[in-house]
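Please keep the sequence and the 3D view at hand while reading.

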Amino acid sequence: MGNASRAGEQVEDGVNRQFTIFADFNCPFSFALNERLHAMDLDARVDFRCIQQFPSASSDATDFDTLARLVGEVAELRRKLPSMPINLPVFRPNTAAAAELANAVSAVDPAQGSRLRRRIFRALWIDGEDISRPELLQSLLDDLDIEAPGKGARRALKCGDWQREWEESPEFGHGMPIVISDVGETLVGLPLESELDVFLESGSVVSERTPGGGPRPSERQRILLLDDGVDCLRMLIEQLPEVQIEVAADFPGLVAAAVNNGVPDLVLANMSLLGGVDNVDWWRDSSDSELDVALPVIFLSDDASTEAEVAAFDAGAADFLARPLHPKVLRARVNTHLRARRTQQQLKKIARIDALTSVSNRREFDLRLISEWGRGARSEHSLALLMIDVDLFKQYNDHYGHLRGDDCLVKVAQVLSGCLQRAGDLIARYGGEEFVVLLPGVELEGAMRVAEACRAAVFEARLVHDSSTVSPYVTVSVGVAAMQPIYEKSCTLLVEQADVALYQAKQDGRNCVRLFAADD
Ligand code: GH3
Ligand code: MG
C-alpha cells in the first residue's frame with residue numbers, strides 16, 4: 001500500500017495488519033513505538049506484551065552508567081524521530097508492577113489496556129513520574145475509570161513466558177522493542193521514522209532507504225559530557241531539559257560522538273578523564289567548520305584550587321567548574337556558553353545572506369567558489385557558473401523609482417532560486433542587479449539548460465518593465481562558463497569567462513544565454 005500514515009487509513013484500505021510486540025515502559029523507543037501505533041490507529045491491532053529489559057532497575061538506584069545509557073537512548077530517539085515529544089527522566093524505574101498491571105488489564109479488555117498503556121508511558125516520558133510507585137499506578141487507573149484486575153486475572157497471564165521468550169530468542173538479541181508482523185517479519189529496535197511507518201503499514205522491513213529518510217538535524221542545542229559521576233549528568237538533565245545531552249565515557253568516545261553526531265555546541269569534560277596533552281589540544285584544533293571558532297569546553301575538576309583553574313584555562317578551557325557543583329551555577333555557566341554559541345550561529349548566518357534579496361551574498365559566493373574549485377580539482381568533476389544580469393535595469397529604476405527597483409530584484413532572486421534543483425547549487429547576489437549561480441559537478445551542457453531555465457523563468461514571471469526596449473517584461477541575460485578545475489589555475493578564471501559570455505549576451509540583444517567560447 002502507498003504512503004498511508006494518517007489515522008484510520010488502514011481501515012479504509014481494508015488491511016487488517018496484526019502485530020505482536022515485546023516492549024518495556026522504561027524504554028524510550030518502546031514509548032515512541034506506542035505513540036506511533038496510536039497515531040496510526042493501530043492500537044486494536046497489537047498484541048502488546050509488556051516485559052522488563054532491566055529487571056533490577058530501580059528509581060532510587062539509578063547510577064551513572066544507567067543514566068548515561070538512558071541519556072544516549074533518548075538522544076538517539078530524538079535523532080531518529082525528531083517530531084516525537086519526549087522528556088528525559090533522571091531515573092530508570094523498575095517496571096515489574098506496571099507491566100503486570102498493563103498486561104492484566106489488556107487481557108480483560110484490550111481497549112482499556114491500550115489506554116492504560118499509553119497513560120503509563122506518558123506518565124514517565126512526558127511528565128517524568130516514577131511509574132514504579134503503586135500509588136501512581138492506582139491514580140492512573142482511577143483517572144481512566146478502570147478497575148484493577150483481580151488476582152485470578154493476573155495469575156492467568158503468561159508474563160513469565162513472554163519474558164523468557166524475549167530473553168532467549170537469538171533473533172531478538174535483547175533488542176527493544178520487538179515488533180513482529182503477521183507476515184512473520186521482525187523489527188528489532190526502533191528504526192528511522194520513515195522506515196517505521198512503512199513497516200507498520202506493510203508489515204515488512206524496508207530493505208532500501210527511502211529518499212530523504214535519514215535522520216534530520218535536531219533544533220536542540222547539544223552538550224557532550226565526558227564524566228563518570230552522576231551528579232553533573234543529573235543536574236544537566238534537571239536544569240536544562242530543552243538541551244540534548246550526550247555522554248562519553250572516555251576521550252576516544254568523546255571524539256567519536258563529535259564525529260558521528262556532529263560537533264556539539266558545548267563540551268563539559270572532567271579534567272581527570274582527559275588523558276594526555278594531545279587530547280587537550282584536540283578542541284583547539286577542532287573548530288566548528290561552520291563557525292570557524294573553537295569548540296567551547298567547560299572543565300570539571302575535583303580540585304577547586306587556583307592552580308587547577310589556571311591549568312584549565314592554560315589548556316584552552318572556555319570555563320572552569322570545581323566540584324561540588326551547584327545546580328544553579330552549572331545552569332548559569334552552561335547557558336552563558338550556549339547563548340553565545342547561538343548568537344555566533346545567528347551572526348554567521350546573517351553574514352552570509354544578502355539583506356535585500358535573502359539569497360547568499362557575494363562573500364558567501366567567494367568562499368563557496370574557492371571550496372568548490374578545490375573539491376572539483378580533487379574529484380575531477382566539472383564546475384559551472386552562470387552570471388545573470390537584469391537587462392536595462394537603470395531604465396527600470398528611472399521609470400518606477402528605486403524602491404520598486406528593489407522589489408523587482410527580490411522577485412527576480414526568488415524566481416532564480418526556484419530554478420535550482422540540487423542541494424549543492426548556490427545562488428548569490430554578486431552585486432547590484434547581477435546574480436551568480438554556482439553548479440558543482442555540472443558540465444557545460446547541463447549548465448546551459450539551467451541558464452535557459454533561469455532566463456525563461458524570469459521572462460515568464462511577467463514583471464512589467466514598460467521602459468524596456470527588449471521586452472514588455474523584465475528579462476535577464478546569462479553568461480555561462482564551465483570547466484574542470486585544476487590546482488594550477490585560479491577560480492577567478494571561471495568568473496572571468498562567465499563575465500565574457502554575459503557581455504556577449506548583452507551584445508547579442510539581451511534576454512538570451514551565451515556560453516564562453518575559447519576564442520571569445
Ligand atoms: P544592462 O542591460 O546593460 O545590464 O543595462 P542596465 O541598465 O541593467 O545596466 P547598468 O549597469 O547601466 O545599470 C544598472 C542599474 O542597476 C543601475 C543601478 O542603479 C541599478 N541597481 C544596482 N543595484 C541596485 C539595487 O540594489 N536596487 C535598485 N533599485 N537598483 C539597483
Ligand atoms: Mg543590468
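A residue is called buried when its relative accessible area is under 20%. By that cut-off L116 is buried, because its relative accessible area is 0%. The model is a predicted one, and the points below are grouped by topic.

**Surroundings of L116**
- L116 belongs to helix α5, which spans residues 110–125.
- Beyond its neighbours within four places in sequence, L116 is in contact with L101, A102, V105, L140, L141, L144 and I146.
- E496 lies 380 residues from L116 in sequence, and the two are 70 Å apart in space, C-alpha to C-alpha.

**Magnesium site**
- The magnesium ion (ligand 2) has D389 (OD), V390 (O) and E433 (OE) as its protein donors, at 1.9 to 2.3 Å.
- D389, in strand β12 (residues 383–390), and E433, in the loop between β13 (426–431) and β14 (434–440), are 44 residues apart, so the pair links distant parts of the chain.
- D389 counts as buried at 10% relative accessibility, whereas E433 counts as partly exposed at 23%.

**Cis peptide bonds**
- M176 and P177 are joined by a cis peptide bond with omega near -5°, and P177 is in the loop between α8 (159–168) and β3 (178–181).
- The bond from R323 to P324 is also cis, with omega about 0°; P324 sits in the loop between β11 (319–322) and α14 (327–352).

**Positive phi angles**
- S358, although not a glycine, has a positive phi of about 65°, and S358 is exposed, with a relative accessible area of 53%.
- R510, likewise not a glycine, has a positive phi of about 70° and counts as partly exposed at 30% relative accessibility.

Terms used: Residues numbered from 1 in each chain as written. Chains lettered and ligands numbered in written order. Predicted model: local features only at pLDDT ≥ 70, side-chain atom pairs only at ≥ 80, totals over all residues. Heavy atoms only, no water. Donors = N, O, S within 2.8 Å, 3.2 Å for Na, K, Ca; no water. Helix = DSSP H or I, 4+ residues; strand = E, 2+ residues; numbered from the N terminus. Buried < 20%, exposed > 50% of the residue type's maximum accessible area, 1.4 Å probe, protein only. Contact = heavy atoms within 4.5 Å.
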